[in-house]
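Here is a protein chain to look at.

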Amino acid sequence: MRIEEFLEKIKSSPRYLPWITCWKVFPQKPPVYEEFPGKLRGELKEALRTKGIEKLFCHQAEALEGIFRGENVVVVTPTASGKTLCYNLAVLNTIMEDENARALYMFPTKALSQDQLSELHEMIALLGRDIKTYTYDGDTPQTARKAVRSAGHIVVTNPDMLHKGILPHHTKWVKLFENLKYVVIDEMHYYRGVYGSHTANVIRRLKRICRFYGSNPRFILCSATIANPEELACKLIEERVRLIDKCGSPSGEKHFIFYNPPVINRELGIRRSAVLEAKSLAVDFLKAGIQTIVFGRSRMVVEVLLTYIKEAIEKGIKPKDTIRGYRGGYLPLQRRQIERGLKEGKILGVVSTNALELGIDIGTLDACIMSGYPGSIASTWQQAGRAGRRSGVSAAVLVASSSPLDQYIITYISHHFNIKKLIFRMQKAI
């Protein structure tokens, strides 16, 4: 069944319709293209054309122009809008012009680092150039660390490893710090609160060491679904940045549905379990053949949901092994296998913690179901953005729990929020 038909079925279903408190539809948006910047090398243009990219989206071209002018930039566009190209093209272009140039990529998780590394390797292979790109984190073997320090043009790491494994041993990283041209900070919204304060201090140390070695790197920051990107970026790097938030990538029609389960104990204000309601919705989506991701708030919730869904699907039309779990604690090889299965369409459904919330490429999903409010607006948009990564119709369903925060969010959004402001924010985020 096509997702459009399934959504029409939900609208007429007495099982779900009474508990849907808000249903917003955001129309399809066409792409906005611009020509390749003049400073972009011919080899890179040819490599992009080999991948079927004849032009850049307007935000990609604007970001490259700003970077080539020596500005710090922060790119804030939706999930799967091509933010990776903004920094990869700039970094590769600079390294091709100066083989001594270096770049430092910082991602919040190892899984995201590996995903971005594979994309970089693909681009480098198309160029046919010897641009050495390595990860440097806790999984890097001791035997390989010396080679990374001495020969790496692009070093991919995370804030914790930068803090403990690189900055205290800066005398071993002289070649990197002397020639550091760019520092890329992806998923910037992750660095908020206390962790963001710690990260800002690590970046302050990084800049001090760069000055000691005579370099002055430019910063390229990327984020999706954040209300104050310029303010956060300036506080993180303590420099002025250029904000790029006009997205040129296409987006398909998006249905955002707020679902408040029925009350089962009015005196105590207890509603039917969000886990059970998310399970029921997920089973119906999956039985209709709609590729779906279900987010749980904890590892335990993920395992419970996975068990319930597998048991229900086993009695239906789809084989049991097309539903997988994804969370911290799985072996890296197992996680890569699940990511690949989702991307290739071999896995119909996945139940995940927020481990799949960040920008790991898992291909095109049709539906996202969130079991409980994720805890922040940024996380909600990130999880909803996992579905509808291309031009097709997609749906995101937020299933509220009985917690006061969930009930406040779903009531506030449904009844009291300024609809014009809501539409503006969602169109920017989706």
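Predicted model: local features only at pLDDT ≥ 70, side-chain atom pairs only at ≥ 80, totals over all residues.

Residues are numbered from 1 along each chain as its sequence is written, and side-chain values use heavy atoms, with hydrogens and water left out.

Me: Is Ser81 buried or exposed?
Reply: Buried means under 20% relative accessible area, exposed over 50%, and partly exposed in between (1.4 Å probe, protein chains only). Ser81 has 1% relative accessibility, so Ser81 is buried.

Me: Which backbone oxygen lies 2.6 Å from a polar atom of the Ser81 side chain?
Reply: Ser81 sits in the loop between β4 (73–76) and α4 (83–97). Helices (H or I, at least four residues) and strands (E, at least two) are DSSP runs, numbered from the N terminus. At 2.6 Å from the Ser81 side chain, the backbone oxygen is that of Pro78.

Me: Is Gly329 buried or exposed?
Reply: Gly329 lies in the loop between β15 (323–326) and α13 (332–344). Its relative accessible area is 64%, so Gly329 is exposed.

Me: At roughly what angle do the axes of α7 and α9 cross?
Reply: Axes are lines fitted to C-alpha atoms, for helices over the stretch in contact, and angles run from 0 to 180 degrees between N-to-C directions. The axes of α7 (residues 159–166) and α9 (residues 193–212) come within 10 Å and cross at roughly 45 degrees.

Note on methods: Polar contact = N/O pair within 3.5 Å; in protein donor to acceptor, adjacent residues only side chain to side chain.
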